[in-house]
Amino acid sequence: MHDLSIGVDIVSIDRINNILNSQNGNRFKHRIFTDPEISYCQNKANSSQHFAGRFAAKEAVKKAILSSHINQNIWFKKIEIKSRQDGAPLVRLPKPIQSDYQCECSISHEGNHAIAFAIMQKK
């Protein structure tokens, strides 16, 4: 088991937008995102950009979890990306992992892409 692990992911905002606007868009939202995440993204001017950023963050966190050799398959909805008062992302991990690890994440958007980077550290 490593004391420090990382994960990164990049997502096409158009791809997420197409999924959200498809007949399966609502199912996708509710399978991947928590209700507070959905509310946060839908209240933004470019909601697809924010959904893409949060999706990339969840992927990055999952990759960090996997690279730390935690033998647990985590559903996207079990990882919650909230916002601190200053707007920075705040990662909420499932309880079994949260008790042993802390995770920091950064999200950025440029053009048609959202990217996220996550670092997990053993407490």
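Rings of Phe, Tyr and Trp (its six-membered ring) pair if their centres lie within 6.5 Å; planes under 30 degrees apart count as stacked, over 60 as edge-to-face and the rest as tilted. Phe28, Phe33, Phe51, Phe55 and Phe76 form one aromatic cluster. The model is predicted: local features need pLDDT of at least 70, side-chain atom pairs count only at pLDDT 80 or more, and totals for chains, interfaces and linings use all residues. Residues are numbered from 1 along each chain as its sequence is written, and side-chain values use heavy atoms, with hydrogens and water left out.

**The aromatic cluster**

A pair of aromatic rings is described by the distance of the centres and the angle of the planes. The whole structure holds four aromatic pairs. Phe55 and Phe76 make a tilted one, with 5.4 Å between centres and 35° between planes. This pair links distant parts of the chain, 21 residues apart. Phe55 sits in helix H4, and Phe76 sits in the loop between H4 and strand E2 (80-83). Helices (H or I, at least four residues) and strands (E, at least two) are DSSP runs, numbered from the N terminus.

How buried are these rings? The table gives relative accessibility; buried means under 20% relative accessible area, exposed over 50%, and partly exposed in between (1.4 Å probe, protein chains only).

| Residue | Relative accessibility | Class |
|---|---|---|
| Phe28 | 8% | buried |
| Phe55 | 8% | buried |
| Phe76 | 17% | buried |

Phe28 belongs to helix H2 (residues 25-32). Leaving aside residues up to four places away in sequence, Phe28 touches Ile16, Ile19, Leu20, Phe33 and Phe55. Contact means heavy atoms within 4.5 Å. Phe76 has a charge over its face: Lys62, at 4.5 Å from the ring centre. A charge sits over a ring if NZ of Lys or CZ of Arg is within 6 Å of the ring centre and within 35 degrees of the ring normal.

**Two packed helices**

Two packed helices are described by the angle between their axes and the distance between the axes. Helix H3 (residues 35-42) packs against helix H4 (residues 47-67) at about 145°, and their axes are 8 Å apart. Axes are lines fitted to C-alpha atoms, for helices over the stretch in contact, and angles run from 0 to 180 degrees between N-to-C directions. From H3 come Glu37, Ile38, Tyr40, Cys41 and Gln42; from H4 come Ser47, His50, Phe51, Arg54 and Lys58.

**The sheet**

What is the order of the strands in the open sheet? The three strands run E1-E5-E4, with antiparallel pairing. Two strands pair if DSSP finds at least two bridges between them. Strand E1 (4-12) and strand E4 (101-110) stand at the edges with a single partner strand each, so one side of each has no neighbour in the sheet. From one strand to the next, the twist averages 15°.

E1 is joined to strand E5 (residues 113-122) by nine bridges. Across this pairing, Ser5 stands opposite Met120, and Val8 opposite Phe117. Side chains alternate along E1.

H4 lies across E1, E4 and E5, at about 150° to E1.
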